[in-house]
Amino acid sequence: MSHPSAVRIFLKTIVARAFPRFVGSYRNRTWIVTETLLPLIGTIAMIYVYRALHAPARYLGFVVLGGVLLAFWQNVIWAMATQFFWDRGQGNLELFAMAPTSLAAILLGMALGGAYLSLTRAVTVLIVVSVLFGVAYSTSGILPALGVFILTICALYCLGMLLASVFLFYHREAWHLADALQEPIYFLSGFYFPIRSLGAFVGGVGSLIPLTLGLDAIRQLILPGTPQFIPLHWEIVAVVGQIVLYAVLSQVSLRYLERLARQDARLILRST
Amino acid sequence: MDIAVETRALRRVYKTRSQEVVALDGVDLRIGRGERFGVLGPNGAGKTTLIKILVTLLLPSSGAAFVDGLDVVTQFRELRHRIAMVSGGENVGFGMLKVKEQLWMFSQFYGMPSNPAKRRIAELLERLGLSDAADRRVSGLSSGMRQKMNLIRGLITNPRILFLDEPTVALDVGAARDVRDEVRRWMAEDPTRTVILTTHYMMEADELCDRVAIVNRGRIVAQGTPSELKQQVQQNAIVDIQLSPGRRLLDALREVDGVAGASVAEQDGIDRFTLLLSSDAALGGVMRIVEGSGREIRGLQKREPTLEDAFVKLVGRGMAEEEQG
Ligand SMILES: Nc1ncnc2c1ncn2[C@@H]1O[C@H](COP(=O)(O)OP(=O)(O)OP(=O)(O)O)[C@@H](O)[C@H]1O
Ligand SMILES: [Mg+2]
């Protein structure tokens with residue numbers, strides 16, 4: 001029997017799974033408030049904290065860029081990683097799993113469908129806060145920074161897939177863990193200050209989160225005078241390494257955990 | 001016979017923290033290509049477990065299962081191209097999508113080219129009388145429409161073998177008939193297609209299935225065509241007795257000499273007992289018990305056996321819940 005190729009199914013699945021996310025945000029627009037106004041308020045509050053502390057002006061730039069990447073981080077953790085948990089509750093997971101597609105494609109599609117929400121949020125924070133508070137960027141660094149940004153987002157989505165497979169199996173425990181780790185992760189990845197301030201060891205641990213080094217690299221590129229954590233080119237190499245690492249790990253773990261889930265009846269909803 | 005589904009000593013145990021549940025306990029089945037095969041059984045018999053194993057969502061604890069010649073444990077990736085499953089009462093998908101959008105989405109997970117998929121969806125919507133609902137949101141559908149949409153989801157990708165887990169549960173008479181009609185029509189289009197369905201409704205199995213397996217406590221207690229199964233009770237007299245409410249009688253009736261099986265269903269405040277008697281003489285013993293109970297006889301009929309009666313004889317009780325009291 002001949003089937004559509006695996007690559008074709010993979011790509012079609014991404015588009016099809018992105019679709020409801022995309023349409024949903026179009027048909028229900030409350031997100032315009034939750035994804036722009038609220039993060040904006042959070043970022044501005046942080047700026048006033050720094051002002052009150054008489055921090056150097058470039059710290060405002062740190063906060064803005066942190067706010068931009070935070071948008072994507074939250075999409076990955078609260079939408080992508082926990083996705084299968086919700087899908088199982090709906091009975092969708094069994095239909096996704098028994099289709100001849102890959103769960104990775106389902107996750108990527110779902111993340112992509114939500115990415116433009118994150119993008120709207122990121123761009124709003126970037127523009128509004130930069131204009132309001134007069135943050136200046138080095139224009140020559142903008143293009144390379146955009147490149148690093150894209151790499152960072154790729155690494156982040158690969159990590160999201162890894163987390164989703166872990167959630168599928170250890171959902172309750174994983175849930176508590178994600179919740180408990182939220183604040184430490186904001187701290188470790190240096191959303192609001194340069195990672196250098198954390199010192200080599202803590203910064204090194206924080207670097208396992210793909211955002212940490214990517215964010216630091218972007219800051220070095222467009223906010224001259226950012227204290228250097230490790231040299232820029234090594235940061236970029238490390239982010240690319242993370243893409244590979246998390247992509248491979250997530251594939252291995254999706255396959256392994258799918259099998260485990262078939263064994264322990266975790267794909268299906270208990271009916272009786 | 002060209003085999004569509006085969007299981008050998010299939011067993012599935014669920015382990016929870018407090019206990020182990022044996023859901024399937026040595027199931028041997030052979031279902032031919034082109035068959036409409038029914039799996040009948042009371043609650044908890046293991047029907048859904050069997051289906052979930054055959055559609056690769058659950059691993060057997062031991063034994064083997066083959067669908068379309070493929071091992072469900074090791075060759076599941078290939079198998080997933082060839083099968084579909086629709087369960088009754090499912091609430092899948094995304095409520096804010098339109099019906100046609102949701103169906104398109106699922107077709108894409110099978111890699112179907114987009115335009116042929118849309119044409120096929122329009123055609124199936126038409127066939128099930130849902131064309132007008134194509135642009136309605138999934139969240140606004142009645143349960144009958146929703147279940148027809150789910151059935152369409154199972155048909156778009158042209159599966160070799162279609163699995164239906166209680167496809168008409170909780171539907172009104174008209175919607176249930178539409179679903180059954182579509183299953184029949186779909187099967188008639190191509191004699192190599194196979195349907196395996198589980199059901200609580202005897203009438204559905206009798207009317208829709210070429211062959212039926214009766215499952216109880218994880219085991220197959222009988223299989224055959226509906227008329228073969230009915231023949232098992234041909235030598236029995238079937239008596240329906242309607243009684244006013246009162247104290248529990250079922251166990252006492254089963255004890256009577258010559259009573260081969262008994263079941264009861266409550267309806268409109270009346271207990272409707274069905275008794276299988278191996279000889280008419282047993283009726284005397286039954287009447288003594290009934291009179292002794294002080295319950296009032298509201299009606300009594302003797303009639304031809306149905307599949308339900310065969311079920312009562314094989315399983316020892318009816319499909320409906322047990323007598324209260
Ligand atoms: N995920 C699960 N974990 C533990 N036990 C389960 C699980 N799923 C089913 N069971 C148990 O396995 C047995 C068979 O269940 P199954 O759902 O296969 O029965 P069924 O014939 O489909 O019943 P129904 O007619 O109610 O749908 C039941 O005792 C049920 O409680
Ligand atoms: Mg069931």
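Trainee: Which residues line the second largest cavity?
Mentor: This is a predicted model, where local features need pLDDT of at least 70, side-chain atom pairs count only at pLDDT 80 or more, and totals for chains, interfaces and linings use all residues; side-chain values use heavy atoms, with hydrogens and water left out. Residues are numbered from 1 along each chain as its sequence is written, while chains are lettered from A and ligands numbered from 1 in the order in which they are written. A cavity is a set of points on a 1 Å grid over the protein atoms alone where a 1.4 Å probe fits but cannot get out, and lining residues have an atom within 4 Å of a point. Here, that gives Leu24(B), Val27(B), Leu29(B), Val39(B), Gly46(B), Leu50(B), Ala213(B), Val215(B) and Ile220(B).

Trainee: And which element gives the largest share of that lining?
Mentor: Helices (H or I, at least four residues) and strands (E, at least two) are DSSP runs, numbered from the N terminus. Strands E2 (20-32) and E9 (211-216) of chain B each supply at least two residues. The largest share, three residues, comes from E2(B).

Trainee: On to the largest cavity: how many charged residues are in its lining?
Mentor: This cavity has a volume of about 80 Å³, and its lining takes in residues of both chains, including Leu95(A), Met98(A), Phe106(B) and Arg153(B). For the classes, Ala, Val, Leu, Ile, Met, Phe, Trp, Tyr, Cys and Pro count as nonpolar, Asp, Glu, Lys and Arg as charged, and the others, Gly among them, as polar. Seven lining residues are nonpolar and one is polar, and the number of charged ones is one.

Trainee: Is Arg153(B) buried or exposed?
Mentor: Arg153(B) is found in helix H5 of chain B. Contact means heavy atoms within 4.5 Å, and beyond four places in sequence Arg153(B) touches residues including Leu95(A), Met85(B) and Glu90(B). Its relative accessibility is 9%, so Arg153(B) counts as buried.

Trainee: What is the area buried between chain A and chain B?
Mentor: Buried area is the accessible area (1.4 Å probe) that two parts lose on being put together, summed over both. In this pair, 37 residues of chain A are in contact with 43 residues of chain B. Carbon and sulfur atoms give 61% of the buried area, which is about 3700 Å².

Trainee: Which residue of chain B forms a salt bridge with Arg27(A)?
Mentor: A salt bridge is a side-chain nitrogen of Lys or Arg within 4 Å of a carboxyl oxygen of Asp or Glu. The rule finds three across the interface of chain A and chain B. In the one with Arg27(A), the closest N and O atoms are 3.0 Å apart and the partner is Glu101(B).

Trainee: Why are Asp181(B) and Arg184(B) separated by about one helical turn?
Mentor: Their side chains meet in a salt bridge (3.1 Å, N to O). Asp181(B) is partly exposed at 32% relative accessibility, and Arg184(B) is partly exposed at 23%. The separation of Asp181(B) and Arg184(B) is about one helical turn because both sit in helix H6 (residues 173-189) of chain B, and along it they are three residues apart.

Trainee: What is the volume of the second largest pocket?
Mentor: A pocket is an open set of grid points with protein on both sides within 12 Å along at least five of seven lines. The lining divides into 10 nonpolar, 13 polar and five charged residues. The volume of the second largest pocket is about 650 Å³.

Terms used: Points joined across faces, edges and corners; volume = space filled by probe spheres on them. Buried < 20%, exposed > 50% of the residue type's maximum accessible area, 1.4 Å probe, protein only.
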